[in-house]
Amino acid sequence: MIRRFYVVPLRADVARQTVRRAVARLTEADRYIPGLRHSAAGLCTAAPRPAVVWESAFESPSARDRYLRARYH
């Protein structure tokens, strides 16, 4: 299994509803991306600048590579 973490810093003017929607979509990503076995996201406010953190786990390196080559990645 390949685990990855993305940290996406947020601009100060991003609406809270937009952030909540993004976190929800990332959390549900394992339902829609083939080979993605685990997906979790949350808002990190401990950093100097708020950020969305996305943890994802792919079943194999080839599953991750397919995702990275996908048209809408």
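Start by selecting Y67: this residue is buried, because its relative accessible area is 14% (buried means under 20% relative accessible area, exposed over 50%, and partly exposed in between, with a 1.4 Å probe and protein chains only). Before you move on, note that this is a predicted model, where local features need pLDDT of at least 70, side-chain atom pairs count only at pLDDT 80 or more, and totals for chains, interfaces and linings use all residues. Residues are numbered from 1 along each chain as its sequence is written, and side-chain values use heavy atoms, with hydrogens and water left out.

For reference, rings of Phe, Tyr and Trp (its six-membered ring) pair if their centres lie within 6.5 Å; planes under 30 degrees apart count as stacked, over 60 as edge-to-face and the rest as tilted.

By this rule there are two aromatic pairs. For the stacked one, select Y6 and W54: their ring centres are 5.8 Å apart, with planes at 25°. Y6 sits in strand 1 and W54 in strand 3, 48 residues apart, so to speak of this pair is to link distant parts of the chain. Y6 is partly exposed at 32% relative accessibility, whereas W54 is buried, with a relative accessible area of 7%.

**The nonpolar core**

Next, select A29, I33, L36, W54, F58, A63 and Y67, the seven residues of the largest nonpolar core. Such a core is a set of buried Ala, Val, Leu, Ile, Met, Phe, Trp, Tyr and Cys residues joined through side-chain atoms within 4.5 Å. Strand 3 and helix 2 are the elements that give two or more residues to this core. Helices (H or I, at least four residues) and strands (E, at least two) are DSSP runs, numbered from the N terminus. In soluble globular proteins, nonpolar side chains tend to be buried together.

Zoom in on L36. Not counting residues up to four places away in sequence, L36 touches A29, D30, W54, S56, A57 and F58 (contact means heavy atoms within 4.5 Å).

Switch to a cartoon view and find the open sheet of three strands, ordered 1-3-2 with antiparallel pairing. Its edge strands are strand 1 (2–9) and strand 2 (36–44), each pairing on one side only. Two strands pair if DSSP finds at least two bridges between them.

Select residues 51–58 to see strand 3, which is joined to the antiparallel strand 2 by eight bridges. Two places to look across are G42, whose bridge partner in strand 3 is V53, and H38, which stands opposite A57. Strand 2 and strand 3 form a hairpin, with six residues between them.

**The helices**

Color residues 16–27 to bring out helix 1, which lies across strand 2 and strand 3 and runs at about 160° to strand 2. Then color residues 61–69: helix 2 packs on the sheet, touches strand 1 and strand 3, and makes about 35° with the direction of strand 1. For these angles, axes are lines fitted to C-alpha atoms, for helices over the stretch in contact, and angles run from 0 to 180 degrees between N-to-C directions.

**Last stop: L10**

Finish in the loop between strand 1 and helix 1, where you will find L10. Is L10 buried or exposed? L10 is buried, with a relative accessible area of 15%. Leaving aside neighbours within four places in sequence, L10 is in contact with V19, L43, R49, P50, A51 and V52. To finish, draw a distance between the C-alpha atoms of L10 and V52: these are separated by 7.2 Å, with the residues 42 apart along the chain.
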